[in-house]
Amino acid sequence: MDTSEVIKIEGLRKSFGSLAVLKDISFSVQRGEVVAVIGPSGSGKSTLLRCVNHLELVEAGSIRISDSVMVKDGVYAHADILRSACLKTGLVFQNFNLFPHFSVLRNITEAQVRVLRRKPAQAKERAMSLLEKMGLVDKAASYPCELSGGQQQRVCIARALALDPEVLFFDEPTSALDPELTGEILKVIRKLAEEKMTMVIVTHEMAFARDVADRALFMDGGRFVEEGGAAELLDNPQQERTKAFLRRFGGQ
Amino acid sequence: MAKMLGIMFEGMTVSLEVFFLTLLFALPLALPAAFGRMSKNWALRKLVTLYLLVMRGTPLILQLIFIYFAPKYFFRLLFESFSGFIESEGFWNSLRFLLSWDRFTAVIIAFVLNYAAYFAEIYRGGIEAIPRGQYEAAKVLGFTGSQTFVRIILPQVLKRILPAAANEIITLVKDTALAQVIGVAELFHAAQNASAREFSTLPIFVAGVFYFFMNWAVSYALTRCEKKLSYYS
């Protein structure tokens with residue numbers, strides 16, 4: 001097993017009723033790599049992330065996360081293995097999904113204490129160092145409803161990072177934010193990329209994808225249409241479908 | 001006057017017992033009922049739906065009468081049908097004991113069954129109002145199903161359902177007056193007795209003041225709870 005590949009996906013299929021959303025998806029992510037997944041709405045990008053994070057079940061194919069085989073040829077592993085596989089990934093949601101009844105600090109410590117069984121003092125220390133990194137130390141005692149969207153999204157990133165995932169997924173992390181707040185989040189992601197955090201980012205921020213990602217995947221109709229170096233794919237797409245999609249963004 | 005107030009305070013004690021015992025049993029019992037109502041198991045869901053339909057579809061006063069008298073009729077039916085076959089007196093005596101409860105117990109059973117039905121629907125509304133994203137975030141962070149429910153979902157449900165539950169709790173204070181229909185000497189029963197004895201409607205209105213003050217206290221307590229939970233939105 002090649003563990004330099006943090007994610008290895010083969011032949012993934014998924015449909016909602018009669019609608020096939022993922023049609024034979026295969027790809028892998030190397031440790032330390034940043035991959036951008038782009039494509040029109042409804043192309044299956046989010047569903048793909050949700051399948052890898054076990055929020056949706058696949059019908060066929062295999063998913064391996066680091067050394068845990070989550071699904072093999074459409075057959076899911078035992079619940080214990082699934083849980084440990086899921087803990088190796090982190091997911092940042094489009095609409096944050098922070099726990100509104102917990103303070104910012106407790107949002108970040110709760111899973112550390114309850115799931116990883118860390119001591120509360122240790123969990124707090126980890127949370128505070130992450131908050132410092134996110135520039136939110138002064139918000140530790142605040143509640144999510146008191147924060148701006150950008151601040152909430154940074155807390156969501158800190159919450160995911162606190163469990164030390166091997167790979168972090170972003171599901172359109174800036175789609176719910178205005179351009180100014182988007183900048184805040186992109187800055188944080190860029191910093192994580194510099195630290196060699198493995199990340200898979202579903203995004204509509206083409207300039208950002210070109211700038212921060214090593215590799216880009218263009219997805220349409222449940223398939224990868226084109227794949228390549230991020231700058232290459234975005235500046236010089238080969239497929240007609242990719243060209244057509246990017247032309248609309250270029251017009252902006 | 002002092003004697004009348006004494007009797008009415010005694011009646012109020014009974015009313016308060018009914019009130020607190022009902023809450024004590026109905027609030028927890030409503031949770032499994034709410035889960036049954038949302039269950040994927042068809043039979044369980046239909047069974048709970050039927051229970052809710054009956055409890056919310058018939059008058060509480062009728063349920064009180066039914067729960068108090070039904071076991072007694074049931075015993076008589078069994079006795080008349082089978083006393084020819086089973087002649088042991090001990091058997092019939094112990095069956096009679098099993099199939100009878102005193103008035104107060106009947107009141108508690110009826111109130112608990114009735115109020116649990118209303119609370120179950122309130123819980124269900126609260127649970128279904130929690131966005132799916134909360135479950136998804138909890139799952140991605142590795143929380144188990146029970147941790148998710150107890151630590152993430154339930155606290156948010158409590159905040160959401162408090163105003164609706166408060167409504168029911170205030171109604172319960174007034175509904176305790178129905179216990180008199182099977183002869184439990186609660187506040188309204190005491191007031192009516194005093195009224196008949198003294199040829200005066202005054203005790204009835206005094207009872208009204210008692211109910212009002214009880215509900216004032218209940219409202220105050222519930223408002224405090226709501227304020228305590230208002231630290232987030």
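User: What makes up the lining of the largest cavity by class, and how do you know?

Analyst: In this predicted model, that lining has seven nonpolar, two polar and no charged residues.

User: Which element gives the most to the lining of the largest cavity?

Analyst: Strand 7 of chain A, with three residues. Helix 2 (79–87) and strand 7 (89–92) of chain A each supply at least two.

User: What makes up the lining of the second largest cavity?

Analyst: About 30 Å³ of space lies in that one. The residues around it are Leu91(A), Phe93(A), Cys156(A), Arg159(A), Ala160(A), Ala137(B), Val140(B) and Leu141(B). Helix 5 of chain A and helix 6 of chain B are the elements giving two or more residues to this lining, and the largest share, three residues, comes from helix 5 of chain A. By class it's seven nonpolar, no polar and one charged. Arg counts as charged, so Arg159(A) is that one.

User: How do you know how much area chain B and chain A bury between them, and which residues of chain B lose the most?

Analyst: The figure is about 2,100 Å², 62% of it on carbon and sulfur atoms. In chain B, the residues losing the most area to chain A are Val140(B), Leu141(B) and Arg151(B), which together make up 30% of what that side buries. The contact itself takes 20 residues from chain B and 26 residues from chain A.

User: Why is the meeting of Glu136(B) and Arg50(A) called a salt bridge?

Analyst: The N to O distance between their side chains is 2.6 Å, and the cut-off is within 4 Å, so the pair qualifies. Side chains of opposite charge can pair when their charged atoms come close. Across this interface the rule finds one salt bridge, alongside a count of eight residue pairs in polar contact.

User: What makes up the side of chain B that touches chain A?

Analyst: Helix 6 (132–140) and helix 7 (145–175) of chain B each supply at least two residues, and helix 6 gives the most, with eight. That side divides into nine nonpolar, seven polar and four charged residues.

User: Which parts of chain A does the salt bridge between Asp164(A) and Arg118(A) tie together?

Analyst: Their closest N and O atoms are 2.7 Å apart. Asp164(A) sits in the loop between helix 5 (149–161) and strand 8 (167–171), and Arg118(A) in the loop between helix 3 (104–114) and helix 4 (120–133), so the pair ties together parts 46 residues apart in sequence. A search of the whole structure finds 23 salt bridges over all chains.

Methods: Residues numbered from 1 in each chain as written. Chains lettered and ligands numbered in written order. Predicted model: local features only at pLDDT ≥ 70, side-chain atom pairs only at ≥ 80, totals over all residues. Heavy atoms only, no water. Contact = heavy atoms within 4.5 Å. Buried area = accessible area lost by both parts, 1.4 Å probe. Polar contact = N/O pair within 3.5 Å; in protein donor to acceptor, adjacent residues only side chain to side chain. Helix = DSSP H or I, 4+ residues; strand = E, 2+ residues; numbered from the N terminus. 1 Å grid on protein atoms, 1.4 Å probe; cavity = no way out; pocket = protein on both sides within 12 Å on 5 of 7 lines; lining within 4 Å. Points joined across faces, edges and corners; volume = space filled by probe spheres on them.
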